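Q: Could you take a close look at one part of this protein for me? I'd like the sheet and the packing around it, with the cut-offs spelled out.

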Amino acid sequence: STLFEKFDDPLQAASLEIIEYDENTATVRPFKVAQVADQWSIPSHDNYPADAKDQLATVAAGMIGLTVLELASDSPGDHALYGVVDPNPRTLKAGDTGVGTRVEMRNRSDEVLLSLIVGKKVPDRDGLRYVRPTGRDAVFVVAMKADKISTKFEDWIEKDLLKLQTWDVRKVRIHDYSVESWPASRRRGAT
């Protein structure tokens with residue numbers, strides 16, 4: 001069966017929220033990209049322009065038609081084992097392990113298209129992951145790629161935002177360092 005039958009077109013997605021948990025620091029890292037006034041932006045960073053259209057489409061396409069290959073467990077006690085504990089800061093406790101990455105996509109009407117917790121890779125089975133639909137106990141095995149699911153700001157920004165040519169950047173750098181490169185005698189006002 002397909003996990004999210006109503007989500008059948010990657011262009012439906014108008015926002016993507018990814019929540020990761022860092023076990024080393026016991027902190028939750030939320031990240032969101034969304035269409036704000038018809039422009040892809042990063043709301044958590046003052047709506048900084050995002051180069052998200054293609055990347056989000058890639059993530060969305062990888063989530064569409066997620067087919068259950070098998071049921072791994074339907075017991076909440078197994079969530080940590082499969083790495084699908086919800087990274088919800090309201091329910092996490094210090095020392096929690098097996099916390100997954102929550103991925104949620106919404107449409108332009110802010111309706112949830114997809115919400116699931118991506119867990120560990122299935123051992124010795126390339127391309128397979130444990131996942132759990134948010135709010136459900138069942139853990140499933142699905143085929144999916146998770147390499148584009150990133151909470152790193154630099155992975156989503158519009159790298160050519162200013163469209164500067166290389167020679168423009170050099171000019172700025174020379175200007176920035178021109179004072180430091182003057183001889184000491186000139187900095188003291190000597191001629």
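A: Here's a walk through the sheet, then the cores that go with it. This is a predicted model, so a few ground rules by way of definition: local features need pLDDT of at least 70, side-chain atom pairs count only at pLDDT 80 or more, and totals for chains, interfaces and linings use all residues. Residues are numbered from 1 along each chain as its sequence is written, and side-chain values use heavy atoms, with hydrogens and water left out.

The protein has four helices and nine strands; helices are DSSP runs of H or I with at least four residues, strands are E runs of at least two, and both are numbered from the N terminus. Along the sequence the pattern reads β-β-β-β-α-β-α-β-β-β-β-α-α.

Now the sheet itself. Its nine strands are ordered β4-β3-β2-β1-β6-β7-β8-β9-β5, the sheet is open, and the pairing is antiparallel. Two strands pair if DSSP finds at least two bridges between them. The edges are β4 (48-49) and β5 (70-73), each with a single partner strand, so one side of each has no neighbour in the sheet. Zooming in on one pair, β8 (residues 128-133) and β9 (residues 139-143) run antiparallel and are joined by four bridges. There, R129 has V142 in β9 as its bridge partner.

Next, the packing. The largest nonpolar core has 30 residues, and M63 and L116 touch the most other members. β1 (15-22), β2 (27-36), β3 (39-42), α1 (53-63), β6 (101-106), β7 (112-121) and β9 each supply at least two of its residues. A second, separate core has eight residues, including V84, V122, Y130 and V141. By nonpolar core I mean a set of buried Ala, Val, Leu, Ile, Met, Phe, Trp, Tyr and Cys residues joined through side-chain atoms within 4.5 Å. Buried is under 20% relative accessible area, exposed is over 50%, and partly exposed is in between (1.4 Å probe, protein chains only).

Back to M63: leaving out neighbours within four places in sequence, M63 is in contact (heavy atoms within 4.5 Å) with F7, V103, M105, L114, L116, M144 and I149. L116 and I149 turn up again for T101, which touches I18, I19, E20, L116, I117, V118 and I149, not counting residues up to four places away in sequence. T101 lies in β6 and counts as buried because its relative accessibility is 18%.
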